[in-house]
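User: I'd like to learn how to read a structure feature by feature. Could you walk me through this one?

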Amino acid sequence: MATVCCYLSFEGTCEEAFNFYQSVFGGEFSYLGRYKDMPSADRPIPEALQDKIMHIGLPISKETMLLGCDMSAELGMKPTVGNNISLSVSAANAEEAGKIFKGLAAGGQVTMPLQQTFWAPMFGMLVDKFGISWMVGCE
């Protein structure tokens, strides 16, 4: 069964924001990865972004996780109000991820095809026909 979490995108303030959310909700970060920790990328990561957050997770409850990252114009992903929040679906397996991705993509726009990544066997992003941003993956 898939779970859905909120994914927040920031322009350089992700770490500050997540330290704040941690002070409110408590708990420990389940993951904190910086751009400099990525395996070689298709394009080089600018020096100014090396220490920014590529991905972070803060468990809120057994079923809920707050997720986030820093975006930037240099990476072609400038956050603005409206595109800075996505729903993140974590499927139980690749088959379920594919079914969910295909369903959500119907009539929408795929922004990253569902594919294998260095962090997940399957991951993709899309905007559904209602303008809602989704990230779909599996572990």
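Analyst: Two strands pair if DSSP finds at least two bridges between them; strands are DSSP runs of E, at least two residues, numbered from the N terminus. Here, strand β1 (residues 3–10) pairs with β4 in the parallel sense, over five bridges. One note before we go on: this is a predicted model, where local features need pLDDT of at least 70 and side-chain atom pairs count only at pLDDT 80 or more, while totals for chains, interfaces and linings use all residues. Residues are numbered from 1 along each chain as its sequence is written, and side-chain values use heavy atoms, with hydrogens and water left out.

User: Which residue in β4 is the bridge partner of Leu 8?

Analyst: That's Gly 68. On the β3 side, strand β3 (residues 53–59) runs antiparallel to β4, joined by four bridges, and Gly 57 has Leu 67 as its bridge partner in β4. A hairpin of five residues connects β3 to β4.

User: How many residues of β4 are buried?

Analyst: Buried means under 20% relative accessible area, exposed means over 50%, and partly exposed is in between (1.4 Å probe, protein chains only). Strand β4 (residues 65–70) has five of its six residues buried, so by that cut-off the strand is mostly covered.

User: How many disulfides does the structure hold?

Analyst: A disulfide is a pair of cysteine sulfur atoms within 2.5 Å, and the structure holds zero. Take Cys 6: its nearest cysteine sulfur belongs to Cys 5, 8.6 Å away. Cys 6 is partly exposed, at 26% relative accessible area. For Cys 14, the nearest cysteine sulfur is that of Cys 69, at 6.4 Å, and again there is no disulfide. Cys 14 is buried, with 0% relative accessibility.

User: What about salt bridges: how many does a search of the whole structure find?

Analyst: Side chains of opposite charge can pair when their charged atoms come close. The cut-off is a side-chain nitrogen of Lys or Arg within 4 Å of a carboxyl oxygen of Asp or Glu, and the search turns up two salt bridges. One is between Glu 15 and Arg 34, at 2.9 Å from N to O. That pair links distant parts of the chain, 19 residues apart: Glu 15 sits in helix α1 (residues 14–25) and Arg 34 in strand β2 (residues 31–34). Helices, for the record, are DSSP runs of H or I, at least four residues.

User: Is Arg 34 buried or exposed?

Analyst: Arg 34 is buried, with a relative accessible area of 17%, whereas Glu 15 is partly exposed at 32%. The other salt bridge joins Lys 36 and Asp 51, 2.7 Å from N to O. Both residues lie in the loop between β2 and β3, 15 residues apart. Lys 36 is partly exposed at 46%, and so is Asp 51 at 45%.

User: Which residues make up the largest nonpolar core?

Analyst: A nonpolar core is a set of buried Ala, Val, Leu, Ile, Met, Phe, Trp, Tyr and Cys residues joined through side-chain atoms within 4.5 Å. The largest one has ten residues, among them Val 89, Phe 101, Leu 126 and Trp 134. β5 (85–91), α2 (94–105) and β8 (133–138) each supply at least two of its residues, and α2 gives the most, with four.

User: What is Val 89 in contact with?

Analyst: Contact means heavy atoms within 4.5 Å. Leaving aside neighbours within four places in sequence, the contacts of Val 89 include Val 4, Ile 100, Trp 134 and Val 136.
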